[in-house]
2 protein chains.
Amino acid sequence: MKILRISMTDLTWSEEELKSEYAALGGRALTSRIVFDEVIGTAHPLGSNNKLVFANGVLTGSLASSAERVSVGAKSPLTGGIKESNSGGTAGLKQGRLGYRAIVVEGIRDDMQIVHISKDGVRFESADWILGKPLSEAANLLDEKFGKHISYYMIGSSGEHKMNLAGIAVKDKDGSPTRFLGRGGLGAVAGSKGVKAIVLDDAGIDRLRPKQPEQFRAAVKRYTEWLQENPATGKSFPDYGTAGLVRTTNRLGALPTFNFRTGSFDKHEAISGETLRETILERGGAGTPTHACMPGCIIRCSNIYPDEAGNKITTPIEYENIGLLGSNLGIGSLDEIAELNRLCNEYGVDTIETGGAIGVLMEAGVLPFGDVEGAIQLLHDVHAGRPMGRIIGGGAALVGKLYGVYRVPVVKGQSMPAYDPRAIKGLGVTYATSPMGADHTAGQTIRAQIDHHKAEGQVEVSRNAQETVIIFDSLGMCYFGASAVAGRWDGLAEIISAYVGEAVTGDEIMQMAKETLTIEHAFNRSAGFTHVDDRLPEHFYTETNPASGTVFDVNEMEVLSIGVEGYR
Amino acid sequence: MKILRISMTDLTWSEEELKSEYAALGGRALTSRIVFDEVIGTAHPLGSNNKLVFANGVLTGSLASSAERVSVGAKSPLTGGIKESNSGGTAGLKQGRLGYRAIVVEGIRDDMQIVHISKDGVRFESADWILGKPLSEAANLLDEKFGKHISYYMIGSSGEHKMNLAGIAVKDKDGSPTRFLGRGGLGAVAGSKGVKAIVLDDAGIDRLRPKQPEQFRAAVKRYTEWLQENPATGKSFPDYGTAGLVRTTNRLGALPTFNFRTGSFDKHEAISGETLRETILERGGAGTPTHACMPGCIIRCSNIYPDEAGNKITTPIEYENIGLLGSNLGIGSLDEIAELNRLCNEYGVDTIETGGAIGVLMEAGVLPFGDVEGAIQLLHDVHAGRPMGRIIGGGAALVGKLYGVYRVPVVKGQSMPAYDPRAIKGLGVTYATSPMGADHTAGQTIRAQIDHHKAEGQVEVSRNAQETVIIFDSLGMCYFGASAVAGRWDGLAEIISAYVGEAVTGDEIMQMAKETLTIEHAFNRSAGFTHVDDRLPEHFYTETNPASGTVFDVNEMEVLSIGVEGYR
């Protein structure tokens, strides 16, 4: 495997062998390591000292179930700290086949380019002809020009505008640009570098094969059995997707409602996973409740949501979208959520940050809660770069600053995902301490065997989750497999060993995860973060969530022990 | 002297004697000490844990020349750190006569109140009838209702909107609300507390008298002679005001132009202090080039700028306004600057932050440099709270984030005043290291005997200036006296001793200044600041100022030695 370096300033490229100390790293472990090694902490996120790193997982390309994810990393314009975001889709696989464990994008430029990567090398061409278009349209144009077999990373209009809520789209297995490297505004970093799209063209390249095919097949078979036996990955996710969580979080008082105010929502049944499944099955047509976001995944938590005539509106409607674009905005209709979701995808924005930002704007009274037409208009404003779009485009923290709002549900400048931290306190600990800012994927605790309303034990649960997820993020695997693996790291290690042909142990991959967290926090210290950044917004400590009857009250010293000052 | 505490949550008040450890403190030394003692570092700036402290100087009320200034302090919503801002006008004097060394405003509320303070105590009444009006209009209404003898602190529409660029207006000696506690967004803090205005009604209260009148007269007489003998305070300031600096900074390459780009301006003569004086004298009428901002000041650096018919447009046109609202925006007309200045005053915004924010917006290409009509429209948008007004209202740093701009001339989130730090490097050191963020009044070095283009010696010059200014800020004295005093602190100490009737030495007041700086940095550490915050924006280190031929290259380790990690 190689690293591909691209200078956007000069429009040149070069290859280098993966250094030996990077050989065992993939995904988040590799993006964070390269950012730590090559980006100074004080770099302006949109300047030439920042780098944008796409790294696939150690197992990406293997076609083991749910192992085709790809990570992107950089210093984030949203948080000001190190950032990794990962996604399914087909790009990781193609990048792997092209032979690049990592693509490091350097430099900045004003115009926008398409970077075309194939077995013949790297070509650059102006992206003018696909700028300013909805992503589905731009994607079709790329397919027409370069062939349907390609994959890509691509920013939408929000990324062209260098907005904090811009993500990077990845082509899904059905050809639509609807998987997202969503969080942390890394689409703005791509925009600053003049990268509209990186096209990954693997024509004429053979698939990747495991070094020890028989052992690999056996290890993957066992992993697949674990996934099938687990009630979440084997049953709930395929049936209801992540939306199956709506009832759970509403019961716990953890559903975000009205800018993270009340914890439960009187219209929650209308937006539950059960209603979602029924609606999709009733309407039929292009809709499906069970859909894989990447080749070979058996969890298939994605879905395709159709309109009443059976035509596809959007894919996927996930729990986070329901929570942030729905209940958090006082919106209790799946069709309305689907339309907002579709527009977020078309304009290339992070649905979580967008819902958080609109929620704060509703708290400010600029538009009322429940105003779906107003929310739709705001998304069009984002696309066009109009003033209200710029305001939303800055993300929830900046909306709060511009309107003098006190209740702003962010940590390290990043919007909270769809779990009230007063009601699922382990996630509150993750929000507070993760180097990524508020991010459920950085340490999800909802499946932990613990009373989520109690303060005790949450720090340990969060620490375990934060370390565990890095294993998955680094292998290119979906972290939904975590509860199925249940700590049997040697089982995962056997898949890796057989795939790369070198013996790896469970302890070694856990060590790699801890080291990754350590360097991420070290980067953040060099960017100016202190324990003061490892906090929730003030009001979560003082205002009781009426549904759970709780405030966030996990022991502060314990929380800090796993934050930026804890990992040294 | 007493402290008055006002709870805006409950609309109650109480008095307490000044603690013995506060007895020698006034102005900035006292606001910073109370903020340090009573506000936790993690407090939300617009929440009930923040406090807004108005403190007059130890000499305020004495009518010694240029000693009637008042300070306001709080945790700043703009910088996130401790903030002090001070102003001339008549409020300090009235507050002193009312017997309050400090007024501490606590709590928050949603509606807006007028707080009326007189010898009969504190009354609260709804401010509804003066909301949303230009400040001159609201000020007339206050005078009509409460009598022309009152003074006040009052926020404009920008403060009602809780915008980061909102200052707090103070009545000047001629009755207009045009002196400003301008910087750091403390008008937004007042807005969050529901304080539209604090009326200071000293009817029936005798003037303050020195304890040792004879010694006091003698000491003040000597100080007055120093001011008269000094070429700046005795001649240049009365003739040209601060605008006399335009030629100097243009020659040095330090004039901010086109968002701090080129360092000199081809139209600088049209906006120089000399042209300003000639224009005012030619037009006559209400205009005057020599005008005191507070009772008894002999420096009289203020002015009243008239239109061609001799009617007053605005007061005062200062160097900072010319630099930020003029050359920094590519605007080379005093009349245009005067109109922008007038609107800033009417809407209660900091002219420096406003000019900085519009400059970044021009850099982003939203409107062209030189577009005065566009700039005027933006100020009306601020007043009305429209989207573009909200964007500008966040200040330059947030405009930069919303538009993905790389060159944003701020430190700790606050706009640089009108000196390019590559050409006056001592000021660059002050910008980088002051606990206040980029602020020339926190350590002005332009009069230091040093080659401003050279890196050597600037840290020492800035450190001296930063410590010295606190002496003035704490006495209620204008720091323009610093070059006249020229380190003869015992001479100042004699004024204080005679006024308060207790012996104070020059060493003691210098010690007080150093302690103030130490606790300000300590507060900022508790708010999460590190040495990473003690930096200029990246591009000032790498992009050469074409007029001076320099970048900012003062030794980084030396700079850090007087920043947040240096004062311990």
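**Exercise 1. With which side chain does the side chain of A:Thr314 make a polar contact?** Then place A:Thr314 in its surroundings.

*Solution.* A word before we start: this is a predicted model.

Step 1. Look at the side chain of A:Thr314 and you will find its polar partner, the side chain of A:Asn345, at 3.4 Å.

Step 2. Now find the element: A:Thr314 belongs to strand β15 of chain A, which covers residues 312-314.

Step 3. Decide whether A:Thr314 is buried or exposed. Buried means under 20% relative accessible area. A:Thr314 has 3% relative accessibility, so it counts as buried.

Step 4. List the contacts, setting aside neighbours within four places in sequence. A:Thr314 touches A:Asn303, A:Ile304 and A:Tyr305, and also A:Ala338, A:Asn341, A:Arg342 and A:Asn345.

**Exercise 2. Work out how covered helix α16 of chain A is, and what its buried residues pack against.**

*Solution.* Step 1. Helix α16 of chain A spans residues 425-433, and nine of its nine residues are buried. Among them are A:Leu427, A:Val429 and A:Tyr431, as well as A:Lys425.

Step 2. Turn to the partners: the buried residues of α16(A) pack against β16 (410-411), α17 (458-475), α20 (506-526) and α22 (556-561) of chain A.

**Exercise 3. Describe strand β9 of chain B and its two pairings.**

*Solution.* Step 1. Sort the side chains of β9 (residues 151-154). B:Ser151 and B:Tyr153 point one way, B:Tyr152 and B:Met154 point the other way, and all are buried.

Step 2. Follow the pairing with β12 (residues 195-200) of chain B: the two strands run antiparallel and four bridges join them. Here B:Tyr152 stands opposite B:Val199.

Step 3. Follow the pairing with β10 (residues 168-170) of chain B, which is also antiparallel, with two bridges. In this case B:Tyr153 has B:Val170 as its bridge partner.

**Exercise 4. Characterise the interface between chain B and chain A.**

*Solution.* Step 1. Count the residues: 28 of chain B are in contact with 28 of chain A.

Step 2. Take the area. About 2600 Å² is buried between the chains, and carbon and sulfur atoms give 62% of this. B:Arg390, B:Leu402 and B:Glu538 supply 22% of the area that chain B buries against chain A, more than any other three residues.

Step 3. Look for polar links: there are zero salt bridges between the chains, but six residue pairs are in polar contact.

Step 4. Examine the side of chain B that touches chain A. Helices α14 (387-393), α15 (396-403) and α20 (506-526) of chain B each supply at least two of its residues. By type, the residues on this side are 12 nonpolar, 10 polar and six charged.

Notes:
Residues numbered from 1 in each chain as written. Chains lettered and ligands numbered in written order. Predicted model: local features only at pLDDT ≥ 70, side-chain atom pairs only at ≥ 80, totals over all residues. Heavy atoms only, no water. Contact = heavy atoms within 4.5 Å. Buried area = accessible area lost by both parts, 1.4 Å probe. Salt bridge = Lys/Arg side-chain N within 4 Å of Asp/Glu carboxyl O. Polar contact = N/O pair within 3.5 Å; in protein donor to acceptor, adjacent residues only side chain to side chain. Nonpolar A, V, L, I, M, F, W, Y, C, P; charged D, E, K, R; others polar. Buried < 20%, exposed > 50% of the residue type's maximum accessible area, 1.4 Å probe, protein only. Pairing = 2+ DSSP bridges.
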